[in-house]
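Please look at this structure with me, following the contacts between side chains one at a time. The numbered points below are meant to be read beside the model.

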Amino acid sequence: MISKIQNALRPLLLAFGFGLAGFLAGCGSSDSAPTSMTTYPVKGKVLLADGKPLASGVVVFALPEKGMEFEAPLESDGSFALKSSYGEGAPEGSYKIRIQADLSKPADPKARGGRRSGANLAYPAKYGDETTSGLTAVVKPSANDLEPFTLAK
């Protein structure tokens, strides 16, 4: 009786084994994240509508078609320099940009409930999403000193 069950299950186990082997082989495909890539220095500045620097926050360069993002904190003078685990800067390409509030800084105590919200931003909330910000940059295979991003009202 046991040998009949084993004989009946053998094709199922073989099919499972071949399926598992195929799945594991696919895990090492070229679609996996690269372990290294060439990056190029990217520096810039973020200004408010009145020309004053945005003194805190994070600039994010998004490359949606590759599912990659590179970011940099803003300095008090509005400047930034991209860095990542791949090195200084970002790979060559056309990027969509978003500006994120720096949530590590304490909230404005005058704000209702002491919490940060879109209403407390010094710039329109549209800049917080790369699909609505209208900000773009092209990283070229050289040093990239970008024109300032000005956040209009």
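This is a predicted model: local features need pLDDT of at least 70, side-chain atom pairs count only at pLDDT 80 or more; totals for chains, interfaces and linings use all residues.

1. The side chain of E69 meets that of R98 in a salt bridge, with 2.9 Å from N to O. Since E69 lies in strand 3 and R98 in strand 7, this pair ties together parts that are 29 residues apart in sequence. R98 itself is buried, at a relative accessible area of 11%.

2. R98 also forms a salt bridge with E130, where the closest N and O atoms are 2.7 Å apart. E130 lies in the loop between strand 7 and strand 8, so the pair ties together parts that are 32 residues apart in sequence. With a relative accessible area of 18%, E130 is buried. The shared partners join E69, R98 and E130 into one network, and the structure holds two salt bridges.

3. Turning to the rings, a search of the whole structure finds seven aromatic pairs. One of them is F61 with F149, whose centres are 6.4 Å apart and whose planes stand at 70 degrees, so the pair is edge-to-face. F61 belongs to strand 2 and F149 to strand 10, so the pair ties together parts 88 residues apart in sequence, and both residues are buried.

4. F70 and Y95 also make an edge-to-face pair, because their ring centres are 6.3 Å apart and their planes are at 80 degrees. This pair links strand 3, which holds F70, with strand 7, which holds Y95. F70 is buried at 3% relative accessible area, and Y95 counts as buried at 1%.

5. Finally, F61, F70, F80, Y86, Y95 and F149 form one aromatic cluster.

Definitions and conventions. Residues are numbered from 1 along each chain as its sequence is written. Side-chain values use heavy atoms; hydrogens and water are left out. Rings of Phe, Tyr and Trp (its six-membered ring) pair if their centres lie within 6.5 Å; planes under 30 degrees apart count as stacked, over 60 as edge-to-face and the rest as tilted. Helices (H or I, at least four residues) and strands (E, at least two) are DSSP runs, numbered from the N terminus. Buried means under 20% relative accessible area, exposed over 50%, partly exposed in between (1.4 Å probe, protein chains only). A salt bridge is a side-chain nitrogen of Lys or Arg within 4 Å of a carboxyl oxygen of Asp or Glu.
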